Amino acid sequence: MRRSTHRAQGLSILALAMAAPLLGATGAMAQSTPQGPIPYDARRGVFSFAEGLEAALPAVVQVTTLGQSEGPSSGENEPRAFSSGSGAIIDAREGIVVTNNHVVEGGRKFTVDLTDGRIFDAVLVGADKATDLAVLKFDASGLSQIEVVDSDQLRTGDLAFAVGYPLGLDQTLTMGVISGLGRSGMGDRIEDYIQTDAAVNSGNSGGPLLDSRGRLIGINTSILSGGGGGNDGIAFAVPSRILMYVVDQLRTAGEVKRGSTGAILGSLNAERSRDLGLGIVRGAVVESVAPGSSAEAAGLKRGDIVTRIQNRPVSNAGTVAATIGIAQPGAEVQVVYLRDGREGRATLTVEAPGDRAVVLGAEVVVARGLSARLGTDGLLVFAVEGGSVAAGAGLQAGDLIRLVDDSPVAGLDALAAALEGTGQRILSVMRDDEPVEITLP
């Protein structure tokens, strides 16, 4: 009975909200009636978000990546298409398009298709594997651009619209809601995703996620599928807060240089939580603190569990990397951590990125994107930075390093020395009791 009462009230409220624009056309009664939550097109007599969204649609483009052809039918040097996705024009005057790195990766030539039928060659300005973002540039007149707004203002339950070119179709718009914020869990990469249930499929990659006014709040980058490969109502987008920092770095320097604090972090998971005797499974574990660093000055120690950063909950090490990675050198970042069951607070000052290829701490070695410590069974890789050389080579957290270039490495000093300098390295590791060979470029 209670359920049916609430349902009736909900229908009554919804009916009033939808009727408000209609009442506005009938006279005095409508003057005291609040504007309904759904935009109403009085001329056509329909509820529609078209007016807010239509201005953004011409700025959503199809991106095609072409590479070296290996088939005789297309000619020895003629590139052919091997990847396709979407993109968003965020600077019409300069012809700047943002898309996903995985859309353009390995490409030799790129084209941009506009909604008006025009097609242009584009050049790659830069790409960032850690956030899966890339920037293209092309020359054209009469372009539109999408207004970008701060993703920090989003709330779970906000309407969201995904635009792109999925499954070989022409430009397609889908609607859903923001179903989660600050999402992570796909590794130790730079993670702070917007989650939405707006339908996102193959070909949507690199396309914009818009709010109900047609403003860009993120770039669609991946989906979580139950195994069939299609859309299961869970998609992830890089938020504009991270997006605009990365784009600015790529446009000015051609690469992204991220700051640091000297804290070497690993992700907390159920297994690690049990080992540490904790009652939580989300957070970033301080594995080591570099001597003389900002983290050391702030009082962080090995074993501390970072639970919040800049008042945002921390899911894993990627959450911390996302915040530190877009902070300017000298910026202060507030963190909350647990130590021996008690909560502490610290202020970290972001430092400029270092030039050292190998960092040797008291208990940790960091080199080429891998972080390793000495465990009970040998040198254990406990974290692999997303987009790094180590990640690209296939190294995984949990691997045990036995040999480097066929030479045994038993301690941190030996591993640091073996990875110092430039050039290729061959790592022999044990993974689930099976030997695996990893080639680090």
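Which residues does Leu 216 touch, not counting residues up to four places away in sequence?

1. Overview. The model discussed here is a predicted one. Its chain contains 10 helices and 28 strands. Of the 441 residues, 46% are buried. Among contacts with a separation of 6 or more, 55% are between residues 24 or more positions apart. The chain exposes about 21,900 Å², and carbon and sulfur atoms supply 50% of that area.

2. Leu 216 and the nonpolar cores. Leaving out residues up to four places away in sequence, Leu 216 touches Ala 88, Ile 90, Ile 146, Glu 147, Val 148, Val 149, Pro 208, Leu 209, Leu 210, Ser 240 and Leu 243. Leu 216 is also one of the residues with the most contacts inside the largest nonpolar core, which has 47 residues. Another core, of 21 residues, lies apart from it; Ala 390, Val 404, Val 409 and Leu 440 are among its members.

3. The barrel. In the order β9-β10-β11-β14-β13-β12, 6 strands close into a barrel with antiparallel pairing. From one strand to the next, the twist averages 45 degrees. As background, the strands of a sheet pair through backbone hydrogen bonds, in either a parallel or an antiparallel arrangement.

4. On one side, β14 (residues 235-239) pairs with β11 (residues 193-196) in the antiparallel sense over 3 bridges. Strand β14 is mostly covered, with 5 of its 5 residues buried. Helix α5 (residues 240-253) lies across β13 (216-223) and β14, and runs at about 55 degrees to β14.

5. Helix α8. Why is α8 described as largely enclosed by the rest of the structure? The description applies because 7 of its 8 residues are buried. These are Ala 317, Gly 318, Thr 319, Val 320, Ala 322, Thr 323 and Ile 324. The elements that cover them include α5, β15 (263-267), β16 (284-289), β17 (305-309), β18 (312-313) and β19 (332-339). At the start of the helix, a side-chain oxygen of Asn 316 comes within 3.0 Å of the backbone nitrogen of Gly 318.

6. Thr 323. This residue belongs to helix α8, which spans residues 317-324. Thr 323 has a relative accessible area of 6% and therefore counts as buried, the cut-off being under 20%. Neighbours within four places in sequence aside, Thr 323 is in contact with Arg 241, Ile 309, Gln 310, Arg 312 and Val 333.

7. Val 381. Strand β24 (residues 378-384) holds Val 381. Is Val 381 buried or exposed? With a relative accessibility of 0%, Val 381 counts as buried. Residues up to four places away in sequence aside, Val 381 touches Ser 371, Ala 372, Leu 395, Gln 396, Ala 397, Gly 398, Asp 399 and Ile 401. Leu 370 is 11 residues from Val 381 in sequence, and the C-alpha atoms of the two are 6.7 Å apart.

8. Strand β27 and its partners. Strand β27 (residues 425-431) has 5 of its 7 residues buried, so it is largely enclosed by the rest of the structure. Strand β25 (residues 400-404) pairs with β27 in the antiparallel sense over 4 bridges, and Val 404 has Leu 427 as its bridge partner. Strand β28 (residues 434-440) also pairs with β27 in the antiparallel sense, over 7 bridges. In that pairing, the bridge partner of Leu 427 is Ile 438. Strands β27 and β28 form a hairpin with 2 residues between them, and Asp 432 in the turn has a positive phi of about 55 degrees.

Conventions: Residues numbered from 1 in each chain as written. Predicted model: local features only at pLDDT ≥ 70, side-chain atom pairs only at ≥ 80, totals over all residues. Heavy atoms only, no water. Buried < 20%, exposed > 50% of the residue type's maximum accessible area, 1.4 Å probe, protein only. Contact = heavy atoms within 4.5 Å. Pairing = 2+ DSSP bridges. Axes fitted to C-alpha atoms, helices over the stretch in contact; angles between N-to-C directions. Areas by Shrake-Rupley, 256 points an atom, 1.4 Å probe, with all protein chains shown as cover. Polar contact = N/O pair within 3.5 Å; in protein donor to acceptor, adjacent residues only side chain to side chain. Core = buried A, V, L, I, M, F, W, Y, C linked by side-chain atoms within 4.5 Å.
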